[in-house]
Amino acid sequence: MNTSFKSCMNALNTFKAPPFVMVIFGAAGDLAQKKLLPTLFKLFIKGFLKDFSILGFGLPEMTTEEYKKFVKISLKNFAKEDFSEKEFQKFKNCLFYESADLTDGKKYLNLCEKITKLSKDDDTNNLIYYLAVPPTMFEPIVENLSNRKLCKERKGAKIIVEKPFGKDKKSAHLLNQKLLKAFLENQIYRIDHYLGKETVQNVFFFRFGNALFEPLWNRNFIDHVQITVAEDLGIENRAFFYEQASVVKDIVQNHIMQLIALIAMEPPANFEAESLRNERVKIFKSIQPIDPKKINDYIVMGQYQKGIVNGKHVVGYKQEKNVKKTSKTPTFFAGKFFIDNWRWADVPFYVRTGKRLKKRFTEIAIQFKEPPLRLLGHQCSNLESNMIVFSIYPKQKIELRFNVKFPGMENVPYPVDMLFDYKDVFKVDYPLAYERILIDALKSDITLFARQDGVEAMWNVIDPIMDAFEKKKIIHPYESGSYGPKKADELILKDKRQWRQF
Ligand code: BG6
């Protein structure tokens, strides 16, 4: 083990988040139960959280004692193997609860008193409001907090907002305006958990931490980029949310856009949050909006039918609980985007994502152009273009594909891979996306969160697609457990390229 590896490990093991008070709005809801509380508990077990209080604020009538019991059940169900009775006995001392109708301004007086007590009368203390509630609740909550002077008046206050941020550019803009009346931009943490994934962050380090790749990272050498976010899961009791969001607002408008930005961004001036955010926003602004008249040349939407996934029979989307039998909500998206700038002009970015596909699989592949001269004559049929692949799930690895000579008397080229696998090199349990994102918010590091102009620029790309889709609602059915609709293959095949297999 070399010294730099040792010192990085030491830093990881001794890391402590600054003290904080977190108010969870919707503390008994789905998001709090399934994601937020298990993540906080995991960070606590790892020793990252020391001095903190979690104040649940929600509709169900409960005392703090009852809330502790509720959290225990949630952790047993959703933190599963991380649950430990011994650790929970310590964790529960940091849990508090206030039941309230979140729209009732009077209740915020209690909240105000509680916060003052928990933050020890110091308004510079780290105070985090986590909106684990449906977007319709954002406005009354923010208004009530603002009326009690609990927002920008408090130096340590921050608000965490989940995606999707708005349902189109107009609503996102309105929401931004409302948030910005109460908070300063650098107090608003708009989450996209994809940016918290280790492998996703490594795109940045790979590109800008090495001298080798960046000179080739442009339209002169790169043929195209492919991004795949395939899921085997269906919509899992989220019909109400999904019927409004669809795959487009659930995954494309946020996660996929952020992945495109990381691949395409220019090197930032430095490693400061705003410098990185500026470069990501520039990419969102440079993605060419798709001409609605040509939508079918660029976009394919699909919806899953019944089928077999991982050996199990599953129902089609329209048969899912609380989905209308006539629903035309897309659960699959394949698209071709272009980035209108000097680095990327004419390089297609093909993206595809969907629910109930063959398996869960996430990767970004950068395909380079063919060598200019086919020196090896007919043997060249073996040659494959160079490719860099960032595998995000199920493997966490980076691969570089290049051609070598097949051993023997003949002159035959043969494609091989150079591989970096996280598991082999680091052998450590690195933080999951949500853990990293929460820690960053606690540290007041806003780098991995979306900024107002970025969110609105992403909607500029999505709005014309949705408008064109709404007119005709052309949707291609696909069998659950497949690779998506055939039409998606045609989208890329007509450009004489093909999707990578998964
Ligand atoms: C969430 C979506 O943002 O991302 C879910 O709402 C999706 O529908 C999930 O399943 C995928 O995230 P991951 O990290 O499992 O790829």
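Which residues are around the ligand?

1. The residues around the ligand are Lys163, His193, Tyr194, Lys197, Glu231, Arg238, Asp250, His255, Lys355 and Arg360, where a residue is listed if one of its heavy atoms lies within 4 Å of the molecule. Please keep in mind that this is a predicted model, in which local features need pLDDT of at least 70 and side-chain atom pairs count only at pLDDT 80 or more, while totals for chains, interfaces and linings use all residues. Residues are numbered from 1 along each chain as its sequence is written, and side-chain values use heavy atoms, with hydrogens and water left out.

2. The shell around the ligand divides into 1 nonpolar, 2 polar and 7 charged residues; here Ala, Val, Leu, Ile, Met, Phe, Trp, Tyr, Cys and Pro count as nonpolar, Asp, Glu, Lys and Arg as charged, and the others, Gly among them, as polar.

3. Lys355 counts as buried because its relative accessibility is 5%, and buried means under 20% relative accessible area (1.4 Å probe, protein chains only).

4. The side chains of Lys355 and Glu231 are joined by a polar contact of 3.0 Å, that is, a pair of N or O atoms within 3.5 Å, of which, within protein, one must be able to donate a hydrogen and the other to accept it. Leaving aside residues up to four places away in sequence, Lys355 touches several others, including Leu233, Tyr304, Thr331 and Tyr478, where contact means heavy atoms within 4.5 Å.

5. Turning to the whole protein, 53% of its 502 residues count as buried, and its C-alpha trace spans about 80 × 60 × 45 Å along the principal axes. Among contacts between residues at least 6 apart in sequence, 77% join residues at least 24 apart.

Conventions:
Buried < 20%, exposed > 50% of the residue type's maximum accessible area, 1.4 Å probe, protein only.
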